Amino acid sequence: RFMTLAKDVVTYQEKWLKENGSTGHYFGNKTTYIDLALLGTLCAIRCTLKGMPEMLEPFNKKNAPLMNNVMTTMEKDSKLVKYMSTCQW
């Protein structure tokens with residue numbers, strides 16, 4: 001059940017990110033609350049499921065490239081760099 005839900009969530013989020021032009025943000029070209037919400041959510045999922053790689057598969061770069069692009073974009077944001085080290089991807 002988790003895998004089905006995870007795949008549905010990824011499909012939905014990837015659609016929104018694609019509609020924004022795959023900029024590395026949900027809206028426009030600047031970090032917004034929703035970008036931070038994705039960061040927090042993926043961090044929690046990845047940290048919680050760390051020992052279960054098969055459960056993380058829906059969220060990997062192959063299956064969720066645009067979501068991961070948001071993470072990469074945020075890793076490069078000078079205002080967020082000091083916070084990004086708190087969660088290991």
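N29 is exposed, with a relative accessible area of 61%. The residue sits in the loop between α1 and α2. The model is predicted. Its protein chain has five helices and zero strands. Of its 89 residues, 35% count as buried.

**Overall fold and dimensions**

- Along the sequence, the protein chain reads α-α-α-α-α.
- The radius of gyration of the protein chain is 13 Å. A compact globule of 89 residues would come near 12 Å, so the two values agree.
- Along the principal axes, the C-alpha atoms of the protein chain fill a box of roughly 35 × 30 × 20 Å.
- Residues 24 or more positions apart account for 61% of them in the protein chain.

**Surface and charge**

- The protein chain exposes about 6000 Å². Carbon and sulfur atoms supply 60% of that area.
- The protein chain carries 12 positive and 8 negative charges.

**Nonpolar core**

- The largest nonpolar core holds 18 residues. L38, M67 and M71 touch the most other members.
- Helices α1, α2 and α4 each supply at least two residues of this core. Helix α4 gives the largest share, with five residues.
- M71 lies in helix α4. M71 counts as buried because its relative accessibility is 2%, and the cut-off for buried is under 20%.
- The C-alpha atoms of M71 and E14 are separated by 13 Å. Along the chain, M71 and E14 are 57 residues apart.
- Which residues does M67 touch, not counting those up to four places away in sequence? M67 touches V10, Q13, E14, L17, L38 and L42.

**Loop between α1 and α2**

- Helix α1 spans 2-19 and helix α2 spans 33-48, and S22 is placed in the loop between them.
- S22 has a positive phi of about 55°, although S22 is not a glycine. Most residues other than glycine have a negative phi.
- Is S22 buried, exposed or partly exposed? With a relative accessible area of 33%, S22 is partly exposed. That class applies because the value falls between the cut-offs of 20% for buried and 50% for exposed.
- N29 belongs to this loop too. N29 counts as exposed because its 61% relative accessible area is over the 50% cut-off.
- N29 and V70 are 41 residues apart in sequence. In space, N29 and V70 are 11 Å apart, C-alpha to C-alpha.

- Helix α4 covers 65-75, and helix α3 covers 53-56. K62 is found in the loop between α3 and α4.
- K62 is exposed, with a relative accessible area of 72%.
- K62 and K18 are 44 residues apart along the chain. The C-alpha atoms of K62 and K18 are separated by 15 Å.
- E75 lies in helix α4. E75 counts as partly exposed, at 35% relative accessibility.
- How many residues apart along the chain are E75 and L39? E75 and L39 are 36 residues apart along the chain, and their C-alpha atoms are separated by 9.9 Å.
- Helix α4 thus includes buried M71 and partly exposed E75.

Note on methods: Residues are numbered from 1 along each chain as its sequence is written. This is a predicted model: local features need pLDDT of at least 70, side-chain atom pairs count only at pLDDT 80 or more; totals for chains, interfaces and linings use all residues. Side-chain values use heavy atoms; hydrogens and water are left out. Helices (H or I, at least four residues) and strands (E, at least two) are DSSP runs, numbered from the N terminus. The radius of gyration is taken over C-alpha atoms; the globule rule is 2.2 Å times the number of residues to the power 0.38. Buried means under 20% relative accessible area, exposed over 50%, partly exposed in between (1.4 Å probe, protein chains only). Contact means heavy atoms within 4.5 Å. Accessible areas come from the Shrake-Rupley method with a 1.4 Å probe; for residues, only the protein chains shown count as cover. Lys and Arg count as positive and Asp and Glu as negative; His and the chain ends are not counted. The place of a charge is taken as NZ of Lys, CZ of Arg, CG of Asp or CD of Glu. A nonpolar core is a set of buried Ala, Val, Leu, Ile, Met, Phe, Trp, Tyr and Cys residues joined through side-chain atoms within 4.5 Å.
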